[in-house]
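This report goes through selected helices, a ligand site and some loop residues. Please keep the sequence and the 3D view open while reading.

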Amino acid sequence: MHSQAEMIQLSLNFRKRFPFYHNATPMVYLDSAATTQKLDKVVSAVHDFSSKRNASVHRGAYPLANAATKEYERARNEVAHLISANEASEIVFTSGATESINLIANGLDKAQLNGNKILICESEHHANILPWQALAKRLGMQISILKLDRCRRSGLVFTETTFQRWLSQIDDDTAILACAHVSNVLGVIYPVPSLCEQASRVGALSVIDGTQAVAHMLVNVQHIGCDFYVFSGHKMYAPTGVGVCWGKYERLEALSPSKLGGEMVSKVSFSGYTAQPPPLKFEAGTPNILGVIGLREAARFIRENTQDIQAHETQLLGYTLAKLKALSINCFSYSSVRSDERAEHSHIGIISFVPIDVDSDALAHSLYAKDIALRYGQHCAMPLVDALGMKACLRISLACYNTQADIDQFVDALERAINELKSLANSDQLEPQDAENAWEQHLKDANNWSEKHRQLLLLSKQLPSLPNALRNKDSEVHGCEAQVWLKKQGDTLCAHSDSKTVRGILAVLLLKHQALASADRKRFDYSQYLRELGLENYFSAGRKDGIRNIINRLEQGA
Ligand code: PLP
């Protein structure tokens, strides 16, 4: 048990290890489930290798190349050590968890599978859904969902009842169990050892997605008892573009390689090839050597600090939840979740939430403007977010470098943002209410996103609203990371969105459209106009696609 003072010191010691924090930044980074900041030793190992020891691996026989191969293979040992693999040859380097899951799903055939059912947990990331859908189609199998339980107060929950139901679903017809170790939205640690034990009892393969687990807790694949375990380097302080597919050696031997090319073969002729044994049989082409070198350092750091990382993040999670509770934020991921007696802790530091009485999208934008880096959207887990009955939610995710001061700053920004949005909702006038089209000038003059966003929210009230009855498939515009409907009513274009920020953007476009002479409307460059108003930079790529669709409709007269 650490004292409060020791915990604070611990977090500061961790923070020092991340160059991102060496230059004073006002940014509170709470998006580590998307990607983590990079460890000092990762950065220096990548730099040193590139500048002093660079050579390709598994190819040349000259000393530099041999040394590079040794370093690369030492990384395999280090990663094997991190997750307690039996041997380094069970570690396949990939470009990330997505490639790892595809590698497994694409390499399977009927002969390796008992049963006809692929069981997928309801909260999976798309990376752990789509490859299984493709496999089901290829081999004529069924997808079956391990559903969470519904709870009126907190959305979806994983309880003892859920757990028992899942166990009973893993039956003789189950060929594959695909489940995350930790949900990237709910932060729940699933009891994967028990689920894998049941899978093994019925002869099913178990594939565990450890992407959100490895940086935060002890991972021991022997203890979990799975057949495959996958994760990404960039979510564990290592570079992007590198990841791991661990498999029991005999499972890897049975799997067909789906990526073919150099270095994965021992013999090639124009009539065929003989593959190398695992892991090289899956590493066709020149690998991401720098990524692997960086991953080695990250793996060592996590292995040497697992206990402290876990203690610190658990304490910080408790601190955050207590602060959010005081604000009465509806954190749907946190009530009545089963505390798993098989795991030491039941959650990692991922909190997804939707605020009560405040537009979530507007809140996210308001927080970005207050230097809080968090994620808003569906988190590549659309089936889960749909099941929660919402379009999107906010998510903060912690890592070892976060401190209580980060949380204080976040909660303070959250409180201010909520208050600002509530007071904006209560004022129904554009400010100042002066000349016609003054809003255009106000938007241009606003010199930061906070002010521009505020103008957009005010402007959202000027949007000619599309009546409920006309919000249908015909009027729907896709993209925008929100629902949007747009349709002409008489001479007026009317629109609606469930996001206030998007209603503001729609208002900008529709008011401009309305102000133009009808002959000019088709020729007008709306994208350039948004750029001139200084709005473009603040939209995500997804939202930009949606805005493009709105503009297309405007150009066609909706
Ligand atoms: N699985 C989970 C649980 C994730 O959170 C993610 C990414 O967010 C992935 C898989 C995919 O990881 P990557 O994009 O690094 O391949």
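## Terms and basis

A polar contact is a pair of N or O atoms within 3.5 Å; within protein, one atom must be able to donate a hydrogen and the other to accept it, and residues adjacent in sequence count only if both atoms are side-chain atoms. Helices (H or I, at least four residues) and strands (E, at least two) are DSSP runs numbered from the N terminus.

The model is predicted: local features need pLDDT of at least 70 and side-chain atom pairs count only at pLDDT 80 or more, while totals for chains, interfaces and linings use all residues. Residues are numbered from 1 along each chain as its sequence is written, and side-chain values use heavy atoms, with hydrogens and water left out.

A side-chain oxygen of D359 comes within 3.1 Å of the backbone nitrogen of D361 at the start of α11. Helix α11 covers residues 360-369, and eight of its ten residues are buried, so the helix is largely enclosed by the rest of the structure. Buried here means under 20% relative accessible area, exposed means over 50%, and partly exposed is in between (1.4 Å probe, protein chains only). The buried residues in α11 are S360, D361, A362, L363, A364, H365, S366 and L367. S360 has a relative accessible area of 13%. Apart from neighbours within four places in sequence, S360 is in contact with V354, P355, Y376 and L394, where contact means heavy atoms within 4.5 Å.

Which residue has its side chain joined to that of H365 by a polar contact of 3.1 Å? The partner is R543, a residue of helix α19 (residues 541-555). R543 is buried, at 2% relative accessible area. With neighbours within four places in sequence set aside, R543 is in contact with D361 and H365, and also with C480, E481, A482, S499, T501, V502 and I505.

## Helix α1

Helix α1 (residues 4-16) has 13 residues, which at 1.5 Å a residue should span 18 Å; its end C-alpha atoms are 19 Å apart, in agreement. The expected span is 1.5 Å times one less than the number of residues.

M7, L10, S11, F14 and R15 are the buried residues of α1. They cover an arc of only 135° around the axis, which puts them on the same side of α1; the arc is that of the directions from the helix axis to the C-beta atoms. An α-helix has 3.6 residues a turn, so residues three or four places apart point the same way. A5 and K16, on the other side of α1, are exposed. The cover over the buried residues of α1 includes α10 (289-326) and α13 (404-426).

In the side chain of K235, an N or O atom is 2.6 Å from an oxygen atom of the ligand. For the side chain of H234, the corresponding distance to a ligand oxygen atom is 2.7 Å. A backbone N or O atom of A97 lies 3.4 Å from an oxygen atom of the ligand. The protein covers 85% of the 390 Å² of accessible area that the ligand has on its own, with areas from the Shrake-Rupley method, a 1.4 Å probe and, for residues, only the protein chains shown as cover.

A97 is also one of the buried residues of helix α4 (residues 97-107), together with S100, I101, L103, I104, A105 and G107. These buried residues pack against β2 (91-94), α5 (130-139), β8 (205-209), β9 (228-232) and β10 (243-247).

## Loop residues

D371 lies in the loop between α11 and β14 (372-373). Phi of D371 is near 65°, a positive value in a residue other than glycine, and D371 is partly exposed at 31% relative accessible area. H58, in the loop between α2 (40-53) and α3 (63-82), has a positive phi near 60°. At 22% relative accessibility, H58 counts as partly exposed.

E263 is in the loop between α9 (249-254) and β11 (265-269) and is partly exposed at 23% relative accessibility. Not counting residues up to four places away in sequence, E263 touches H58, R59, Q276 and L280. E263 and L394 are 131 residues apart in sequence and 44 Å apart in space, C-alpha to C-alpha. The peptide bond from P278 to P279 is cis, with omega near 5°, and P279 lies in the loop between β12 (272-275) and α10.
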